[in-house]
Amino acid sequence: MFSILMICTAAYIFGIMISPEVSLTTTFLLAGCMLAAGLLVMLVSGRKNPVLFLVVIFAVLGSIRCYSAFENRLYYEFPNKYVTVTGTIDSTPMKGSGEYKYRYTLRADTVSYLGNAYSVNSKIKLSSKKRLDFGDKVQASGFLNEIKGKNNETDFDYSVYYNSLGIKNYLTAFEIKKCGRDIRYTPTYLAGMIKSAIYNNIEANYSGDDAALLYAVILGDKSHFSTECRTRLLRTGIMHTIFSPYVHIMLLTMLAGLLCGNNRNRREFLLLCLLMVYALFNSSSPTIIKSAFIGAIVILRKKIAGFSNKADVLAAVMLAMTLIDPLLCFNGGFVMSAVSTLLIYLTYEPLYARLSPFLNKIFFGIKKLSSGVVLWIILTLGTLPLGAYYFNGISLYSMLYAPLLIPFTALLLLLSPALFLFPGIGAALPFLRHAGDLSAYVLKTAPAFIEKLPFYYIMLGKPEILEIITFYLVWWIVIRILRGKFRSSTTYALGVTACAFVLCLTLDFSVNSLDIYFVNVGQGDGAVLHTDAGETILIDGGGSADYQKDYDIGERVYLPYLIAHGFTHVNTAVISHFHKDHAEGIIAAAENLRVDNLVMPDAMPDSIYRQKLEEIAQRRGINIQYVSEGDELNFNSGLVMKILAPDSAQLSGADENDTSIVAELHYGDFTALFTGDSSDSVNDSYAKDIDLLKVSHHGSETANGADFVNHVSPKYAVISVGTENTYGLPNKSVLKRYMNEGAQILRTDLLGDIHFKVSRSGEMKYSSFRGR
């Protein structure tokens, strides 16, 4: 079933995937042990089998190639230095918010530092106040920074994404000037000019999500959607339909057929040329390049050998692309595309043979409908764990309504030259513009109809790697059974391995324990408690900074974290007070998850965040409990939450931070204190010498006075704070106070997400995202 090429490709990709988790030294040690074991087996058995040696060699090559891909020589030369970069704008603008709202890819030629100029050949992400065009020659001055990786477990990894595009650094241009045009007579330059012309014409006539939809369909740029529109498109599955390589290749095939008629040789030659031009035009999309290359190699292989092994073609393309750019293995879209292709190749034939008699009866012998159902089963079920891993869920009906929407996508693509490249044609023939607007309208409004379907989107927790491996082991076993290989030794071995993995996954050591998660929500608070009785309690959910008006941390960080961990049923959500940096995540949870109770202070009646929560609660049937000093919440697990503040004076006072709920948690012998943004006034009811403290107000001086710190004297002090925040938090004097009390200080800006596992006896263990 698997050729040597496929095995070597799998080993190479495995080496890439493990490299972030395993050092290069460990990789070489493991490889040496495997080679020694292989030699020993060969000497004992007398059989020569080179496959093991090839597997080890390709796995080591994958690890080495991945390490080299992350090397950042430019940043090592000028780390955080104020430099002047000369280069050419190599992309259309991406418009964001804030003062430096235009973002580009800059192909840098020269870097000047302290009067010296250095020749470079590097791509840089550039932010600027100035609107520029593709091909503009510019000189930009600012601090050179390295693109950072993930801030928490479920955050998008911008470092891997931009590294896969050859971009490792970014620069905010405090000074920038245009130095003319850089004209190059190359295919990539021509493709860039065409994209730029289309972009400018769309920008001149459309705005907001209307323009974003056109950018996505025609240019493949999905970065312009608002958060709300992006979420709806992803959850309904339409995001994958509006720019589909398979639609494009289908149109190219039709074009080649129309131009060449029945002349097969000419048709295939033209299609081959069109596929190469198509890949060149969309060179920034790995999924498109993969699809185009697979089509091209299939044509060439058929011409040369008379047949084409599609699995070997896929393996060859994957190996070639990951040799060029190993970081594609961390691109969710690329991985899902490759896995989907492989699943169809391996599963379609045996599954169709088994189901077609039944399906043909249902569909009155229409084989295309039967084939479509089989493909829907393979792609919906086969990509289930990957959909959960990368996107926290799947769109159940996307394969069914995609054929209805693809014609509108295809029509918009076919009309795009007349509408946006040569707009005079569209102006002279208004029916073309009407047809284009109608297609865009259908694609934009489709989510509203799909959302009315039951279970249109299924939220799934993020699976462990072992769970994904187990799933595909079981899938492999099913394929072998469908092919009539049930009683083979290989099937038995796979079955035993799958059972062993399932046993490992089902073992549960969380009896009599409490999990406390501090989510890295930047400059805000966001915590989750999960008990051994299956209860989930939220305490605040973070929120965006004032300058991040188009970025909702609740929607983009806190909610995905809850879904990824399977916390889709929330028993109690506590909001300490109604400030944005505490409220947005709770709003997102109440709007999207099943929440039974909201606990909040009866303060700040005019707050938009309080009003929003109360509106959601009334609409979704969520119980609201207003609490103050002296109240107590009891949970089935034995967890007790005592409300120590606010009192009546604080609720009616002028200081909004002092309306914060201060909650003391007891779980057996374990005690924790969550303080919101409350001030440091010492309350005699506060427990002394506690185990865990959520430090008040992100470590500010006014909330963590010496008397308070001495009174609570925590073993662990967790500070939820944003990286390099403008407030200068946590305060250095506050850090010193907690250290003098013997507290171990844990900060989300340094460690990312922080996880405590607590026993009823008070024993505590913690881990963090960055592992420090």
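Buried means under 20% relative accessible area, exposed over 50% and partly exposed in between, with a 1.4 Å probe and protein chains only. Of the 772 residues of the protein, 49% count as buried.

This is a predicted model: local features need pLDDT of at least 70, side-chain atom pairs count only at pLDDT 80 or more, and totals for chains, interfaces and linings use all residues. Residues are numbered from 1 along each chain as its sequence is written, and side-chain values use heavy atoms, with hydrogens and water left out.

**Whole chain**

Start with everything shown. The protein has 27 helices and 24 strands. These are DSSP runs, numbered from the N terminus: helices are H or I with at least four residues, strands are E with at least two.

Orient along the principal axes. The C-alpha atoms fill a box of roughly 90 × 70 × 60 Å.

**Stop 1: helices 13 and 15**

Select residues 332-362 for helix 13 and 384-391 for helix 15. They pack at an angle of about 180 degrees, with axes 11 Å apart. Axes are lines fitted to C-alpha atoms, for helices over the stretch in contact, and angles run from 0 to 180 degrees between N-to-C directions. The two helices are therefore roughly antiparallel to each other. Angles under 35 degrees count as roughly parallel, over 145 as roughly antiparallel, 65 to 115 as roughly perpendicular and the rest as oblique.

Show side chains at the contact. Helix 13 brings Gly332, Val335, Met336 and Val339; helix 15 brings Leu386, Gly387, Tyr390 and Phe391. By class, that makes six nonpolar, two polar and no charged residues. Here Ala, Val, Leu, Ile, Met, Phe, Trp, Tyr, Cys and Pro count as nonpolar, Asp, Glu, Lys and Arg as charged, and the others, Gly among them, as polar.

Stay on helix 15. Its buried residues are Pro385, Leu386, Gly387 and Ala388. Their cover includes helix 13, helix 14 (367-382), strand 8 (393-395) and helix 19 (465-482). Step off the end of helix 15 to Asn392, whose phi is positive, near 60 degrees.

**Stop 2: backbone exceptions**

Most residues other than glycine have a negative phi, and most peptide bonds are trans.

Pick Asp540, in strand 12 (residues 536-541). Its phi is near 65 degrees, a positive value in a residue other than glycine. Asp540 is buried, at 2% relative accessible area.

Next, Met604. Look in the loop between strand 14 (594-600) and helix 23 (608-620). Met604 is not a glycine, yet has a positive phi of about 50 degrees. At 15% relative accessibility, Met604 counts as buried.

Two cis peptide bonds follow.

- Ala645 and Pro646 are joined by a cis bond with omega of about 10 degrees. Pro646 lies in the loop between strand 17 (640-645) and helix 24 (648-651).
- Leu729 and Pro730 are joined by a cis bond with omega of about 0 degrees. Pro730 lies in the loop between strand 21 (716-719) and helix 26 (732-740).

**Stop 3: cysteines**

A search of the whole structure finds zero disulfides, a disulfide being a pair of cysteine sulfur atoms within 2.5 Å. Cys229 is buried, at 16% relative accessible area. Cys260 is buried too, at 19%.

Cys179 sits in strand 7 (residues 175-181). At 40% relative accessibility, Cys179 counts as partly exposed. Leaving out residues up to four places away in sequence, Cys179 touches Lys137, Val138 and Gln139.

**Stop 4: Glu71**

Finish in the loop between helix 3 (51-69) and helix 4 (73-77), where Glu71 lies. Glu71 is partly exposed, with a relative accessible area of 36%. Beyond its neighbours within four places in sequence, Glu71 contacts Tyr76 and Lys168. Glu71 and Lys168 are 97 residues apart in sequence and 8.8 Å apart C-alpha to C-alpha.

Notes
Contact = heavy atoms within 4.5 Å.
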